[in-house]
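Biologist: Hello! Could you take me through this model, one question at a time?

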Amino acid sequence: MIPKTFSQEIRLSDGRTITIETGKLAKQADGSVVVRMGNCMLLATAVSARTASPVDFLPLTVDYREKFAAAGRFPGGFFKREARPSDQEVLTMRLVDRVLRPLFPKDYHAETQIMIQLMSHDDQVMPDALAGLAASAAIQLSDIPFEYPISEVRVARIEGQFIVNPSKEQLAKSDIDIMIGASEDSVAMVEGEFDEVSEHDMINAISFGHEAIKDQIKAQIALAKAFGKKETRTYEVEANNEALEKEIHEATYSEFYNIAKLALAKADRSEKFGEIKEKYISKFSEEELEEKSELISKYISSSQKKAVRDLVLNEGLRLDGRKTTDIRPIWCEVDFLPSTHGSALFTRGETQALATATLGTSREANVIDLPTEQGEENFYLHYNFPPFSTGEARPLRGTSRREVGHGNLAQRALKRVIPSDCPYTVRVVSEVLESNGSSSMASVCAGTMALMDAGVQIKKPVSGIAMGLITEGDRFAILSDILGDEDHLGDMDFKVTGTADGITACQMDIKIKGLRHDIMVQALNQAREGRLHILKHLTDTISVPNAEVKPHAPKMINRRIPNEYIGALIGPGGKVIQELQKASGCTIVINEDPVTEEGIVEILGTSPEGIAMVEEKIDAITFKPTVGEVYDVKVIKMLDFGAVVEFKKAKGYEVLLHVSELEWKRVENVSDVVNLNDELQVKYFGIDPKTRKEKVSRKALLPRPPKNEN
């Protein structure tokens, strides 16, 4: 029997529709929905364990996967099976996770898994914009404890008009690409890239997206009501001891507060805080500690957190002694690594990033092969966060989701200032050497300088800053250039990057249930002041990109040739191009431009002589003399009936200069007029209809004798 289904339709402002349906698939999950837009279909499921996990946090997993079968394709590579998630899948997981996580009860510790799968792909629909809606709808249909529904949308702006959930073609024309996650009342997550837009334009895009989200939330509520939403399950709550909590607060709060006021370095501050904790714990017997150790640690951390937050709200002072708008001391250096193509060191307080820029051909492009996207990136940025950067020793287990996310943010910050005519594939790598507050923004700053040091002619330098927030009731404080502790103890991490003329990227995460509009506006304006301050330090270090790449860095020359000559340049079995690469020391890459039907020849080498050799060979292969033009030639072979000459403009292009074309008078011996290695000029006549061979003449350039002379 076909199961009964329930659905709701969401109509977008441009007439397109999104459908949410439940009741047919994955019915053993606590909640499941299929979200459809066009031919794009996502299956989202929510499952949560019935018993609490022993950990003192919510073990939430958000997983997003794109099935190759959804696009009618096979997975690439040797193993024809989907394996580890791609960077794009990881980024979508993070987008959804960051909105959902704050809305589970703080004392809910059951293993929870949200799985979202792309089951059918539509080239006109970008599925990551539907993932948040699908995840929230699945939770709403379950009995898993959750505050209220949320959703996410992508907003683009094309010629001044905002569009919700654009297609890839529309997005390519847009100057704004922003993902917004929100509840009905407030915005919870923002991430996007921009073409140097103003703070006002960014706020308008967020407001536009929020209105669309409200419609999606109403549809979720209506679907849950029609389906018959289950009552929220009861669960084992954390043990609490109000008397112990009060006792610990009274015993430690003032000490934490006084230590926080000392403006100590990170290590010294941690040591002092640790001493307070150890002093208080030592008052308990072993039996009491065995019974209450988790609660004691929890309440001590809570007391420390409140002391630090109150210091900011009461006195406007922060852990390192700064006021709320102050930026930590900055110093920068470029050309730090002698063998790289470009390098820069950026240090802000106790955060340090060393960035390198490497230049290559299109062969080094980052290949994207996903069910939803195929192509290449000619600019990409990788971010590494080793454990020593925070003074830790822990095993390395591959690239973390955090590293993927932070690297993507820094890449988006710089992507739009890379010129469209940049001949190189450019890879930037940021190595975080110290971290105490936004290493991703340090990566943007170091990356900007490394690109300029490498001679990449970026349009404008970019800087970035991380903003924080502390709230209590109606009181709030916005913090510029937050520390790691302020990120951990605060309510918001709002990263903004941009040039002097506008924003290029942003990422906002909040730990509270939503962010008021007026606070977001103030945070953006305060961020602009901070990033301009940081930008001045960058431009004081290196004001404009170096005019040339470094002597040891490869120079790139692009040449276009008609497609008909590509075979001649490659040669049989690649013989010509391989020998040319070996002789010149250059890397030669040939691509075809399907639009112009031309071959694009990339010549990459460190030797000007080698590059010139390749260009001469291309000139020789593609050279076509024009009828009536005069050319310089060199005699390379002597024959009884003439001389073989080579065009100096195109070595290897040979033609016969017949003895009858040497002079107006009869020439008995060719050597009487020209000899081997002689250089002379000839006029080109094209194909001789009599001989059907190319004809050149020396005598045509000489004065013609009178007709009565022999």
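Biologist: Thanks. To begin, in which loop does Ser-167 lie?

Modeller: A word on the ground rules first: this is a predicted model, where local features need pLDDT of at least 70, side-chain atom pairs count only at pLDDT 80 or more, and totals for chains, interfaces and linings use all residues. Residues are numbered from 1 along each chain as its sequence is written, and side-chain values use heavy atoms, with hydrogens and water left out. Helices (H or I, at least four residues) and strands (E, at least two) are DSSP runs, numbered from the N terminus. With that settled, Ser-167 lies in the loop between strand 8 (161-164) and helix 3 (168-172).

Biologist: Is Ser-167 buried or exposed?

Modeller: Buried means under 20% relative accessible area, exposed means over 50%, and partly exposed is in between (1.4 Å probe, protein chains only). Ser-167 has 6% relative accessibility, so it counts as buried.

Biologist: Which residues does Ser-167 touch, not counting those up to four places away in sequence?

Modeller: Contact here means heavy atoms within 4.5 Å. By that rule, and with residues up to four places away set aside, the partners of Ser-167 are Gln-124 and Met-126.

Biologist: Let's step back. How many helices and strands are there in the chain, and why is it called more spread out than a compact globule?

Modeller: The chain has 14 helices and 29 strands. Along the principal axes, the C-alpha atoms fill a box of roughly 130 × 70 × 45 Å.

Biologist: What share of the residues of the chain counts as buried?

Modeller: Among contacts between residues at least 6 apart in sequence, 69% join residues at least 24 apart. As for burial, the share of the 710 residues that count as buried is 51%.

Biologist: How far apart do the centres of the positive and negative side chains lie?

Modeller: Lys and Arg count as positive and Asp and Glu as negative, while His and the chain ends are not counted. Each charge is placed at NZ of Lys, CZ of Arg, CG of Asp or CD of Glu. The chain has 88 positive and 108 negative side chains, and the centres of the two sets are separated by 4 Å.

Biologist: Now helix 4: how far does it reach, and which residue follows it?

Modeller: Helix 4 (residues 199-227) has 29 residues and reaches 42 Å from its first C-alpha to its last, close to the 42 Å expected at 1.5 Å a residue. The expected span is 1.5 Å times one less than the number of residues. Next comes a residue whose phi is positive, near 95 degrees: Gly-228.

Biologist: How far apart in space are Lys-225 and Leu-141?

Modeller: Lys-225 is in helix 4, and it counts as exposed at 73% relative accessibility. In sequence, Lys-225 and Leu-141 are 84 residues apart; in space, C-alpha to C-alpha, they are 8.8 Å apart.

Biologist: Where is Gln-526 found, and which residues does it touch beyond four places away in sequence?

Modeller: Gln-526 is found in helix 11 (residues 517-541), and at 11% relative accessibility it counts as buried. Not counting residues up to four places away, Gln-526 touches Thr-324, Thr-325, Met-467, Ile-478, Leu-479 and Ser-480.

Biologist: Last one: how far apart in space are His-552 and Asn-241?

Modeller: His-552 lies in the loop between helix 11 and strand 22 (555-562), where it is partly exposed at 36% relative accessibility. Leaving aside neighbours within four places in sequence, its contacts are Pro-338, Ser-339, Thr-340, His-341 and Thr-606. His-552 and Asn-241 are 311 residues apart in sequence, and their C-alpha to C-alpha separation is 67 Å.
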